[in-house]
Amino acid sequence: MADFTTGELFKTKAVTDDEVNVAVDAYLAAPDMGPFPIAEGYRINIDAAVKASNFATLVVSDDHASPAQKVKAVRTAILLARPVAS
């Protein structure tokens, strides 16, 4: 695993806003997907990232949570996760 988070890669522009948005949309469409290529040279297991966050897990599974709340929870989980170099 990398020593940095996706959020740290985002700050250095190694991961773009569009790439994070694609990852969020992909997860919300198919939560049980395997490793996902977050950016060139990096992949992330989004399902594991969401499961590692109690908050994201609760929001995603809450039928009363709005789509925007789910997007923000998944995005936060992705930014906190540590990608794997590929």
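**Figure 1. Strands β1 and β2 are joined by 3 bridges and run antiparallel.** The model shown here and in the other views is predicted. Strands of a sheet pair through backbone hydrogen bonds, either parallel or antiparallel. Within this pairing, Ala-39 stands opposite Tyr-42 of β2, and Phe-36 has Ile-44, also in β2, as its bridge partner. The two strands form a hairpin with 2 residues between them. Gly-41, in the turn, has a positive phi of about 90 degrees.

**Figure 2. Three strands make an open sheet in the order β1-β2-β3.** The pairing in this sheet is antiparallel. Strands β1 and β3 (residues 84–85) stand at the edges. Each edge strand has a single partner strand, so one side of each has no neighbour in the sheet.

**Figure 3. Phe-4 and Tyr-42 form the 1 aromatic pair of the structure.** A pair of aromatic rings is described by the distance of the centres and the angle of the planes. Here the centres are 5.8 Å apart and the planes are at 85 degrees, an edge-to-face arrangement. The pair links distant parts of the chain: Phe-4 is in the segment before α1, and Tyr-42 is in strand β2 (residues 42–44), 38 residues apart. Phe-4 counts as partly exposed because its relative accessibility is 26%.

Figure 4. Leaving aside neighbours within four places in sequence, Thr-5 is in contact with Leu-79, Leu-80, Ala-81, Arg-82 and Pro-83. Thr-6 counts as buried because its relative accessibility is 0%. Not counting residues up to four places away in sequence, Thr-6 touches Val-15, Ile-38, Ile-44, Ile-78, Leu-79, Ala-81 and Pro-83.

**Figure 5. Helix α5 spans residues 67–80.** The helix has 14 residues and reaches 20 Å from its first C-alpha to its last, close to the 20 Å expected at 1.5 Å a residue. Its buried residues are Lys-70, Ala-73, Val-74, Arg-75, Ala-77 and Ile-78. Those buried residues pack against three helices and strands named here as examples, including α1, α2 (residues 17–29) and β1 (residues 36–39). They also pack against β2, α3 (residues 46–51) and α4 (residues 54–61). The charged end of Arg-75 sits over the ring of Phe-10, 5.9 Å from the ring centre.

**Figure 6. The largest nonpolar core has 24 residues.** Ile-38, Ile-46, Val-50, Val-74 and Ile-78 touch the most other members of this core. Two or more residues come from each of α2, β1, β2, α3, α4 and α5. Helix α2 gives the most to the core, with 5 residues. Not counting residues up to four places away in sequence, Ile-38 touches Thr-6, Val-15, Glu-19, Val-20, Ala-23, Arg-43, Ile-44 and Ile-78.

**Figure 7. Lys-13 has a positive phi of about 70 degrees although it is not a glycine.** Most residues other than glycine have a negative phi. Lys-13 lies in the loop between α1 and α2. At 68% relative accessibility, over the 50% cut-off, Lys-13 counts as exposed.

Figure 8. Asp-18 has its place in helix α2 and counts as exposed because its relative accessibility is 56%. Ser-66 lies in the loop between α4 and α5. With a relative accessibility of 28%, Ser-66 counts as partly exposed.

Conventions. Residues are numbered from 1 along each chain as its sequence is written. This is a predicted model: local features need pLDDT of at least 70, side-chain atom pairs count only at pLDDT 80 or more; totals for chains, interfaces and linings use all residues. Side-chain values use heavy atoms; hydrogens and water are left out. Buried means under 20% relative accessible area, exposed over 50%, partly exposed in between (1.4 Å probe, protein chains only). Contact means heavy atoms within 4.5 Å. Rings of Phe, Tyr and Trp (its six-membered ring) pair if their centres lie within 6.5 Å; planes under 30 degrees apart count as stacked, over 60 as edge-to-face and the rest as tilted. Helices (H or I, at least four residues) and strands (E, at least two) are DSSP runs, numbered from the N terminus. A charge sits over a ring if NZ of Lys or CZ of Arg is within 6 Å of the ring centre and within 35 degrees of the ring normal. The expected span of a helix is 1.5 Å times one less than its number of residues. A nonpolar core is a set of buried Ala, Val, Leu, Ile, Met, Phe, Trp, Tyr and Cys residues joined through side-chain atoms within 4.5 Å. Two strands pair if DSSP finds at least two bridges between them.
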